[in-house]
Amino acid sequence: MKRVVVTGLGPVTPIGLGADEFLKAQHEVRNGIGPITLFDASELSVRFAGEVDVDMGDYLERKEARRLDRFVQLAIVGADLALKHSGLSEEEVAGERTGTCIGSGIGGLGTWEDQSFIRVERGAMRISPFFIPMIIANMASGHVAMRYHLLGPSTTVVTACATGTGSISDAYRIIQRGEADIMFTGGSEAAINPMGVGGFSVMKALSTRNDSPETASRPFTASRDGFVIGEGSGVLILEELEHALARDATIHAEIVGSAISADAHHITAPAPGGVGAVRCIRWALNSAGLNPEAIGYVNAHGTSTEANDLNETLAYKEIFGGRENVPPISSTKSMTGHMLGAAGAVEAIASIQALTTGVLPPTRNYMDPDPELDLDYIPNEPREQQVDYALSTNFAFGGQNAAVIFKRFVG
């Protein structure tokens, strides 16, 4: 099997764009959560989110942008940033040996909502002819492929909040099998609109701290009351090792294992005790040929919800053989909010940067420990600690789980 490395990082997040700014924001423990500005949220019970500040005119022509849902726009920004970060040229990636696997948990929800109003108010024949191509989830992969003339394997993962990690896993396997030399992979989401925020609100899934948005995402604390919805994208450039070495690329990490699994339990609640997460992480460790004690850092799913944070903590205790053996864990969602289908990709980037810098990102807003959640969550401040392996995990509605393991690359 081919070895696979990461050579490009393209985070598009509420705390910063691009690898350098995103890393700086983590070390500054920057807050990306504030009042919603993308639409009038005054009638909703939740009126804050993690929005991305990006000028699409820097990346897309106005006419092109109008024909793309925001989730595709954000994916294109991420791909552009990742490509520049990789040192590859557009000419070098074009062709049959480069593929795409960029997913979205929901797809073009904003476009769906806008066009639904047109359907009701003006009739079905006034719907935009771009409606269908704007909403379908594979259009992030599709447009990135068209933009750079990528003719290799192209696919899309749609597994809710596990999408970004699942996409990386699939792209990793494609290169392992020798079907491509380069893959653009990750996830993108843009669900900060009335349907997205309203839908999660009526499920009682979101924090309602409208009076203190900056402290609303507080994973693993006693006062956690729901997740904070965010938007963004994360695109990574994966390369076959020999291909990267031949061009003298800067290698940020090696992917050494991954896995996906199902809880087969409930549409939203995790399986009790985190047994589905345990299964997934064990499979990832097995695929990497590692014992649990090799893992030095875990970027947790850490949503700031009652059920996830408890069951995830129980899963890590099971995997690592008790509380005393669990490595440092943090949730970067405490800074960015929960970017749904983009979350896993952005958190993979954070995990890789922890390996390259020897600085582990913190869990922001860790103010009141929960006695049931008694692990080392790297509270409030980044920690200087060099580790060799990082585990990034995500667990989704529908009981779909994904995990990927990165190794610090020493050339």
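Visitor: Is F220 buried or exposed?
Guide: This is a predicted model, and in it F220 counts as buried, because its relative accessibility is 0%.

Visitor: What aromatic pair does F220 form?
Guide: F220 pairs with Y377 in a stacked arrangement, at 4.3 Å centre to centre and with 10° between the planes.

Visitor: Where do F220 and Y377 lie?
Guide: F220 lies in the loop between helix 9 and strand 8, and Y377 in the loop between strand 12 (359-360) and strand 13 (383-384), so the pair ties together parts that are 157 residues apart in sequence.

Visitor: And Y377, buried or exposed?
Guide: Y377 counts as buried, given its relative accessibility of 1%.

Visitor: How many aromatic pairs does the structure hold?
Guide: There are six aromatic pairs. One of them joins W112 and F131, whose ring centres are 5.7 Å apart and whose planes stand at 70°, so this pair is edge-to-face. W112 belongs to helix 5 and F131 to helix 6 (residues 131-135), so the pair ties together parts that are 19 residues apart in sequence.

Visitor: What is the accessibility of W112 and F131?
Guide: W112 counts as partly exposed at 47% relative accessibility, whereas F131 counts as buried at 14%.

Visitor: Which residues do ring pairs link into a cluster?
Guide: The cluster consists of F200, F227 and F397.

Visitor: Back to helix 5: what can be said of F117?
Guide: F117 lies in helix 5, which covers residues 109-122. Its relative accessible area is 48%, so F117 is partly exposed. The C-alpha atoms of F117 and G186 are separated by 31 Å, the two residues being 69 apart along the chain.

Visitor: Let us turn to R209. Where does it lie?
Guide: R209 lies in the loop between helix 9 (194-202) and strand 8 (232-240).

Visitor: What does the R209 side chain make a polar contact with?
Guide: The partner is the side chain of D225, at 2.7 Å. Leaving aside residues up to four places away in sequence, R209 touches F48, T215, A216, R218, S223 and D225.

Visitor: On to charge pairs. How many salt bridges are found?
Guide: A search of the whole structure gives 20 salt bridges. Side chains of opposite charge can pair when their charged atoms come close.

Visitor: Which residue does E239 form a salt bridge with?
Guide: E239 forms a salt bridge with R247, and their closest N and O atoms are 2.5 Å apart. E239 counts as buried at 0% relative accessibility, whereas R247 is partly exposed at 22%.

Visitor: What about E64 and R147?
Guide: Their side chains meet in a salt bridge at 4.0 Å, N to O. E64 lies in helix 2 (residues 62-66) and R147 in helix 7 (residues 139-148), so the pair ties together parts that are 83 residues apart in sequence. E64 is partly exposed, with a relative accessible area of 33%, and R147 counts as partly exposed at 30%.

Visitor: And which residue does E318 form a salt bridge with?
Guide: E318 forms a salt bridge with R282, with 3.2 Å between the closest N and O atoms. E318 is in helix 12 (residues 306-320) and R282 in helix 11 (residues 275-288), so the pair ties together parts that are 36 residues apart in sequence. E318 counts as partly exposed at 46% relative accessibility, and R282 counts as partly exposed at 39%.

Visitor: Which residues do salt bridges join into one network?
Guide: The network consists of E21, K24, E28 and R30, joined by salt bridges that share partners.

Visitor: Finally, which residues of helix 1 are buried?
Guide: In helix 1 (residues 18-27), the buried residues are G18, A19, F22, L23, A25 and Q26. They lie on the same side of helix 1, because they cover an arc of only 165° around the axis.

Visitor: What covers them?
Guide: The cover includes strand 1 (4-13), strand 2 (16-17), helix 3 (70-86), helix 13 (333-336) and helix 14 (343-357).

Conventions. Residues are numbered from 1 along each chain as its sequence is written. This is a predicted model: local features need pLDDT of at least 70, side-chain atom pairs count only at pLDDT 80 or more; totals for chains, interfaces and linings use all residues. Side-chain values use heavy atoms; hydrogens and water are left out. Helices (H or I, at least four residues) and strands (E, at least two) are DSSP runs, numbered from the N terminus. A polar contact is a pair of N or O atoms within 3.5 Å; within protein, one must be able to donate a hydrogen and the other to accept it, and residues adjacent in sequence count only if both atoms are side-chain atoms. Contact means heavy atoms within 4.5 Å. Buried means under 20% relative accessible area, exposed over 50%, partly exposed in between (1.4 Å probe, protein chains only). The arc is that of the directions from the helix axis to the C-beta atoms. Rings of Phe, Tyr and Trp (its six-membered ring) pair if their centres lie within 6.5 Å; planes under 30 degrees apart count as stacked, over 60 as edge-to-face and the rest as tilted.
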